[in-house]
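Subject: Handover of a structure and findings

Dear colleague,

Please find below the structure that I am handing over to you. My findings follow it.

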Amino acid sequence: MSSAIIFQAQSILIVSLMLYGVYHRKTRYKHIKIMKTVIIWYLLLVAQIELTRSAIVKASKIADNPQILNIHVSLAVSTVLLYGVIAFTGTKLKNGNEGMRKFHKTVGILTLTTRIATLITSFLVV
């Protein structure tokens with residue numbers, strides 16, 4: 001089995017788990033546990049791709065890359081950055097800062113959207 005298939009399968013599972021976590025957003029403990037798993041798994045997947053494909057070197061050749069690869073890389077980097085924001089606001093919420101709830105929800109929707117777009121573009125890049 002090629003590494004591309006393994007990466008795609010993991011990516012689909014991560015997005016599925018993310019959707020499951022969003023579904024359980026009203027059950028705080030379950031939501032937090034699932035979403036932490038999603039973030040860690042995604043970061044591990046990015047590390048796997050980097051270690052096996054030298055993705056950063058390939059992505060840095062912006063002028064030589066097909067446009068869809070540049071879009072995919074931009075979405076993937078945005079997703080990682082948004083995971084940082086979502087983890088920060090989620091921690092604030094967990095610690096009782098209810099003022100973060102609306103921002104956390106907005107960033108959560110944006111994060112989910114960029115993650116799904118990353119998944120879609122990953123099929124177009126392969």
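A residue is called buried under 20% relative accessible area, exposed over 50%, and partly exposed in between, with a 1.4 Å probe and protein chains only. Leucine 43 is therefore partly exposed, as its relative accessible area is 39%. The accessible areas come from the Shrake-Rupley method with a 1.4 Å probe, and for residues only the protein chains shown count as cover.

Please note that this is a predicted model, in which local features need pLDDT of at least 70 and side-chain atom pairs count only at pLDDT 80 or more, while totals for chains, interfaces and linings use all residues. Residues are numbered from 1 along each chain as its sequence is written, and side-chain values use heavy atoms, with hydrogens and water left out.

Overall architecture

The chain has five helices and zero strands, and its elements run α-α-α-α-α from the N terminus on. Helices (H or I, at least four residues) and strands (E, at least two) are DSSP runs, numbered from the N terminus. Of the 126 residues, 33% count as buried. The chain exposes about 8,100 Å², of which carbon and sulfur atoms supply 71%. A contact means heavy atoms within 4.5 Å. Among contacts between residues at least 6 apart in sequence, 68% join residues at least 24 apart.

The nonpolar core

In soluble globular proteins, nonpolar side chains tend to be buried together. A nonpolar core is defined here as a set of buried Ala, Val, Leu, Ile, Met, Phe, Trp, Tyr and Cys residues joined through side-chain atoms within 4.5 Å. The largest such core has 15 residues, and those with the most contacts inside it are Ile14, Met18, Val38, Tyr42, Tyr83 and Ile86. Two or more residues each come from helix H1 (3-23), H2, H4 and helix H5 (101-125). H2 provides the largest share, six residues.

The aromatic pair

Rings of Phe, Tyr and Trp (its six-membered ring) pair if their centres lie within 6.5 Å; planes under 30 degrees apart count as stacked, over 60 as edge-to-face and the rest as tilted. By this rule there is one aromatic pair. Tyrosine 42 and tyrosine 83 form it in an edge-to-face arrangement, at 5.4 Å centre to centre and with 70° between the planes. The pair links distant parts of the chain, with tyrosine 42 in helix H2 (residues 28-53) and tyrosine 83 in helix H4 (residues 67-94), 41 residues apart. Both tyrosine 42 and tyrosine 83 are buried. Leaving aside residues up to four places away in sequence, tyrosine 83 touches Met18, Val38, Ile39, Tyr42, Thr111 and Arg115.

Leucine 112 is located in helix H5 and counts as buried because its relative accessible area is 16%. Beyond residues up to four places away in sequence, leucine 112 touches Met18, Leu19 and Val22. Leucine 112 and valine 15 are 97 residues apart in sequence, yet 8.2 Å apart in space, C-alpha to C-alpha.

Serine 122 also has its place in helix H5; its relative accessible area of 10% makes it buried. With residues up to four places away in sequence not counted, serine 122 touches Gln8 and His72.

Glycine 90 is found in helix H4 and is buried, with a relative accessible area of 19%. From glycine 90 to glycine 108 there are 18 residues in sequence and 9.6 Å in space, C-alpha to C-alpha.

Salt bridges and surface

A salt bridge is a side-chain nitrogen of Lys or Arg within 4 Å of a carboxyl oxygen of Asp or Glu. A search of the whole structure finds two salt bridges. The side chain of glutamate 98 meets that of arginine 28 at 3.8 Å, N to O. Glutamate 98 lies in the loop between H4 and H5 and arginine 28 in helix H2, so this pair ties together parts that are 70 residues apart in sequence. Glutamate 98 also forms a salt bridge with arginine 101 at 2.8 Å, N to O. Glutamate 98 is partly exposed at 44% relative accessible area, as are arginine 28 at 40% and arginine 101 at 40%.

Patches are made of residues with over 30% relative accessible area and no salt bridge, like charges being joined within 9 Å and nonpolar side chains (Val, Leu, Ile, Met, Phe, Trp, Tyr) within 5 Å. Leucine 43, which lies in helix H2, makes a nonpolar surface patch of about 190 Å² together with Val46 and Val80.

Yours sincerely
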